[in-house]
Amino acid sequence: MTNAKVAGVLSLLVLVAISSCPRHARAGHAVDHCLIDKKKVMRDCWHNIEKNFGDPFPSHGSICCDTIRDSKDIHCVCDRFTADELTVISLSKFATVTHKCGNGLHAHTHYAGYRVPIITLPPPPPEGA
């Protein structure tokens, strides 16, 4: 009988300890989708957003566009670029790529000192060209 009481008391103490743990401490194991999506963008869109040579007009069916469209929140991806990454990528090209791929950054928003303009994409080339 004594073992049952001790086990009951210990179970109660464990429950109290877990429930009193602050939520922000437990959230340390939460998945940062913005960081995951940013890493995918850097991997799949590098050749489109690279500062000196990137082509900001990927084809709509490209891996880059798939990644941009699949991003849960493209705006928070932009917020996650590090200072080192910003030295080698172009936020202007990134903004153009997001629009070209159908998940555009909102005009007049600011990211790392860059103000997203209203982006007008060129028309698609005529068929057979």
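Which cysteine forms a disulfide with cysteine 45? I looked it up in this predicted model: the partner is cysteine 64, with the sulfur atoms 2.1 Å apart.

**Entry 1: the chain.** I began with the overall make-up. The protein chain has eight helices and two strands, and the order from the N terminus is α-α-α-α-α-α-α-α-β-β. Of its 129 residues, 32% count as buried. I noted an accessible surface of about 8,600 Å², 61% of which belongs to carbon and sulfur atoms. Among contacts with a separation of 6 or more, 61% are between residues 24 or more positions apart.

I took cysteine 34 and cysteine 76 next; their S to S distance is 1.8 Å. The torsion about this S-S bond is about -95°, so the disulfide is left-handed. Cysteine 34 sits in helix H3 and cysteine 76 in helix H6, so the bond ties together parts 42 residues apart in sequence. Both cysteine 34 and cysteine 76 are buried.

Back at cysteine 45 and cysteine 64, I read 110° about the S-S bond, a right-handed link. Cysteine 45 is in the loop between H3 and helix H4 (46-49), while cysteine 64 is in helix H5, 19 residues apart. Cysteine 45 and cysteine 64 are buried as well.

Cysteine 65 is joined to cysteine 101, S to S 2.0 Å. The torsion here is about -70°, so this disulfide is left-handed. Cysteine 65 lies in helix H5 and cysteine 101 in the loop between H8 and strand E1 (110-111), so the pair ties together parts 36 residues apart in sequence.

I also checked cysteine 78. Its sulfur is 9.8 Å from the closest cysteine sulfur, in cysteine 76, which is too far for a bond. Cysteine 78 is buried, at 5% relative accessible area.

**Entry 2: core.** The largest nonpolar core has 22 residues, and Val41, Ile68, Phe81, Phe94 and Leu105 touch the most other members. Helices H3 (33-44), H5 (63-70), H6 (74-79) and H8 (91-100) each supply at least two of its residues. H8 gives the most, with four. I listed the contacts of leucine 105 beyond four places in sequence; among them are Cys78, Phe94, Tyr111 and Val116.

**Entry 3: aromatic pair.** I found one aromatic pair. Phenylalanine 81 is in the loop between H6 and helix H7 (83-86) and phenylalanine 94 in helix H8, so the pair ties together parts 13 residues apart in sequence. Phenylalanine 81 is buried at 7% relative accessibility, and phenylalanine 94 is buried at 0%.

How values were computed: Residues are numbered from 1 along each chain as its sequence is written. This is a predicted model: local features need pLDDT of at least 70, side-chain atom pairs count only at pLDDT 80 or more; totals for chains, interfaces and linings use all residues. Side-chain values use heavy atoms; hydrogens and water are left out. A nonpolar core is a set of buried Ala, Val, Leu, Ile, Met, Phe, Trp, Tyr and Cys residues joined through side-chain atoms within 4.5 Å. Buried means under 20% relative accessible area, exposed over 50%, partly exposed in between (1.4 Å probe, protein chains only). Contact means heavy atoms within 4.5 Å. Accessible areas come from the Shrake-Rupley method with a 1.4 Å probe; for residues, only the protein chains shown count as cover. Rings of Phe, Tyr and Trp (its six-membered ring) pair if their centres lie within 6.5 Å; planes under 30 degrees apart count as stacked, over 60 as edge-to-face and the rest as tilted. A disulfide is a pair of cysteine sulfur atoms within 2.5 Å.
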